[in-house]
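I'll jot down whatever I look up, in the order I get to it.

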Amino acid sequence: KRRNFPPGPIPLPLIGNLLSLRNPPPGYEAFIYWRKKYGDIYTFWVGTRPYLLISGLEALKETFVKDGEVYADKKPMSFQESFRGGSFGIVETNGDFWRTHRRFALHQFKDFGLGKDRMQERILIEIRDIFERCDQKILEGQAQDEKNKGIFLKDIFDQAIGNIINQMMFGYRFEKSRSSEFQKIRKFFDFQTGEFATFSMRVQFFLPWMGYILPGPTILERFEKYRIGFTEFFGKQIADHKLEIDLDDEDGENKDYVEAYLKEQKRREADGDFETFSNVQLSNMCLDLWFAALMTTSNTTNWGMAYVVNYLEEQKWVQEELDRVVAGDRLITTADRADLQRTQAFLNEIQRCANIVPLNLLHMTTRDTLINGYQIKKGTGVVAQISTVLLDEKAFPDPWKFNPSRFIDEESGKLKKIEEFIPFSIGKRQCPGEGLAKMELFLFFANFLNRYEVLPDENGPPCIVKSELGSMHTKDFNVKLRRRH
Ligand code: HEM
């Protein structure tokens with residue numbers, strides 16, 4: 001079978017090349033080595049299924065961009081479908097159904113003010129809340145004369161990120177009185193770092209049938225309580241929301257995604273379409289958008305803070321710019337972005353180094369095609385292997401080094417566009433949340449670094465070497481904050 005595909009590493013029976021992702025974790029080094037050995041396109045076996053990994057920018061442009069439609073599908077996974085109650089949501093669906101919902105979601109994001117003041121206002125509310133919570137923690141520490149006691153920023157930022165996506169989906173933020181609601185759903189989303197962080201679970205994620213061979217519960221059994229938890233959480237949110245919405249108000253502005261969805265559902269049902277905007281699809285869209293928005297932004301922010309306290313010189317480099325441009329403690333907005341070139345470079349380098357999807361999501365071809373001279377059948381696995389592009393040594397010399405000034409043009413001092421910077425992927429499935437994520441990251445980091453000096457606590461800066469951490473997640477860490485204004 002291997003002869004029909006571009007050459008790549010030799011797969012083991014049943015598990016293919018999955019073991020290499022642990023050698024060392026999370027797999028970047030294996031991917032870089034194979035790219036050097038086999039070229040920009042090679043075959044990687046996920047169990048008994050071949051995936052063509054497209055690993056260089058030019059090869060990605062030739063395939064995922066130029067011929068985008070061919071690379072757009074996802075392989076239906078029986079495990080996903082049992083979890084979801086069928087083929088639903090946006091991340092795992094295909095064809096017209098996927099296109100309709102992707103377009104609808106993007107349209108709503110635009111309506112809710114991405115690129116306009118409305119979304120920014122919501123993010124700035126969260127920033128004021130972050131400041132209040134951090135200032136309070138600083139005060140508490142000083143009152144008890146525990147200046148060295150650190151602050152666990154992850155909880156504070158996660159709540160802000162959760163509030164932003166929940167506002168967009170359901171029109172409200174988790175005020176203090178509802179913060180336990182957030183904590184409950186947040187715990188469910190942590191499944192990747194908790195009981196699913198074992199090798200057996202990771203293998204079963206790709207190869208669910210291994211659950212019947214490996215000792216312990218199967219992945220579906222483990223997922224059952226999460227399935228119930230998600231269904232209850234989103235089911236209740238949707239039911240509560242239905243009571244508040246006036247579906248007959250066709251011309252009124254929609255406050256959130258669910259309101260817009262339910263109105264579209266009503267319109268379609270009037271035309272006899274009861275399937276495309278079903279209730280089960282709504283629940284799955286809520287799950288996908290919540291999950292995609294929370295976990296990626298939370299992970300990137302957490303890595304970002306870990307870099308901030310590991311690279312104090314670079315932190316000062318950004319703060320010099322903030323002092324020059326902002327010169328005080330006013331809130332920074334997107335209108336300042338053009339003047340904050342170092343801050344943007346710093347954020348790009350955070351995203352490049354955080355490199356949060358070592359393999360990226362698995363796609364499949366929508367029809368027969370020719371790749372690198374190989375006739376590839378419809379339904380073959382393909383992956384936009386962006387992690388190797390973010391570590392490409394031609395585009396990013398000394399790629400393992402955290403060096404924000406690589407994004408600054410030496411002559412002009414302005415932000416340099418590097419085409420290989422593609423943390424949101426490329427092609428038809430490119431992240432639809434990119435605009436929101438970028439706005440959040442910019443406003444979070446610019447405002448936070450303007451207000452505070454962020455220092456390691458007495459345990460020192462957190463480990464940022466992923467191969468030592470054994471996973472994509474940092475260990476929990478605290479920081480010390482010092483007000484700058
Ligand atoms: C720093 C933050 C983020 C990063 C790095 C990120 C990155 C990605 C990547 C790499 C993909 C896979 C693309 C592919 O299949 O090749 C993706 C897909 C996706 N992202 Fe994001 N994302 C982020 C934030 C968000 C946010 C805030 C949202 C929602 C508001 C979101 C919603 C989605 C969805 C729905 C998909 C699936 C799209 C589809 O299959 O059509 N993401 N993202």
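This is a predicted model: local features need pLDDT of at least 70, side-chain atom pairs count only at pLDDT 80 or more; totals for chains, interfaces and linings use all residues.

**Entry 1: A327.** I started with a loop residue. Is A327 buried or exposed? I found 10 other C-beta atoms within 10 Å of A327, and 12 or fewer counts as exposed, so A327 is exposed. I placed A327 in the loop between α12 (312-325) and α13 (341-354). I also looked up its backbone angle: phi of A327 is near 50°, a positive value in a residue other than glycine.

**Entry 2: another positive phi.** I went on to N360, which is not a glycine either and has a positive phi of about 75°. N360 sits in the loop between α13 and β3 (363-364). I checked its surroundings too: N360 counts as partly exposed because it has 18 C-beta neighbours inside 10 Å.

**Entry 3: peptide bonds.** Which way does the peptide bond from N23 to P24 go, cis or trans? I read it as cis, with omega near -10°. P24 lies in the segment before α1. I then came to P25 and P26, which are joined by a cis peptide bond with omega at about 0°. P26, I noted, is found in the segment before α1. A reminder to myself about the background: most residues other than glycine have a negative phi, and most peptide bonds are trans.

**Entry 4: the chain as a whole.** I stepped back and looked at the whole chain, which has 16 helices and eight strands. Its radius of gyration is 23 Å, close to the 23 Å that the globule rule gives for 485 residues, so the chain is as compact as a globular protein of that length. Along the principal axes, the C-alpha atoms fill a box of roughly 65 × 60 × 50 Å. I looked up burial as well: 36% of the 485 residues count as buried. For contacts between residues at least 6 apart in sequence, I noted that 72% join residues at least 24 apart.

**Entry 5: two domains.** How is the chain divided? I have domain 1 (1-77 + 360-390) and domain 2 (88-355 + 391-483). Their C-alpha centres lie 27 Å apart. The contact between them takes 28 residues from domain 1 and 23 residues from domain 2. On the side of domain 1 that touches domain 2, the elements giving two or more residues are α1 (28-38), α2 (57-65) and α14 (386-390). Of these, α14 gives the most, with five residues. I sorted that side of domain 1 by class and got 19 nonpolar, six polar and three charged residues.

**Entry 6: the core.** I went looking for nonpolar cores, and the largest has 103 residues. Those with the most contacts inside it are L52, I54, I165, M169, C286, L289 and A446. Which element gives the most to this core? I found that α11 does, with 13 residues. Both domain 1 and domain 2 give residues to this core, so it lies between them. General note: in soluble globular proteins, nonpolar side chains tend to be buried together.

**Entry 7: the ligand.** Which residues come nearest to the ligand? Of the 25 residues around it, I listed A292, T296, S425, C431 and G433 as nearest. α11 (279-310) and α15 (434-451) each supply at least two residues of the shell. The most comes from α11, with seven residues. By class, I counted off 15 nonpolar, seven polar and three charged residues in the shell. Domain 1 and domain 2 both give residues to the shell around the ligand, so the ligand lies between them.

**Entry 8: R484.** My last stop was R484, in the segment after β8 (479-483). R484 counts as partly exposed because it has 14 C-beta neighbours inside 10 Å. What does R484 touch, not counting residues up to four places away in sequence? I wrote down N450, R451, Y452 and E453. I also checked R484 against K394: they are 90 residues apart in sequence and 38 Å apart in space, C-alpha to C-alpha.

Key. Residues are numbered from 1 along each chain as its sequence is written. A residue is near a molecule or strand if its C-beta atom, placed from the backbone, lies within 6 Å of it. Helices (H or I, at least four residues) and strands (E, at least two) are DSSP runs, numbered from the N terminus. Ala, Val, Leu, Ile, Met, Phe, Trp, Tyr, Cys and Pro count as nonpolar, Asp, Glu, Lys and Arg as charged, and the others, Gly among them, as polar. Domain bounds come from an automatic or database domain assignment. The radius of gyration is taken over C-alpha atoms; the globule rule is 2.2 Å times the number of residues to the power 0.38. A residue is buried if 20 or more other C-beta atoms lie within 10 Å of its own, exposed if 12 or fewer, and partly exposed in between; C-beta atoms are placed from the backbone. Two residues are in contact if their C-beta atoms, placed from the backbone, lie within 7 Å. A nonpolar core is a set of buried Ala, Val, Leu, Ile, Met, Phe, Trp, Tyr and Cys residues joined through C-beta atoms within 7 Å.
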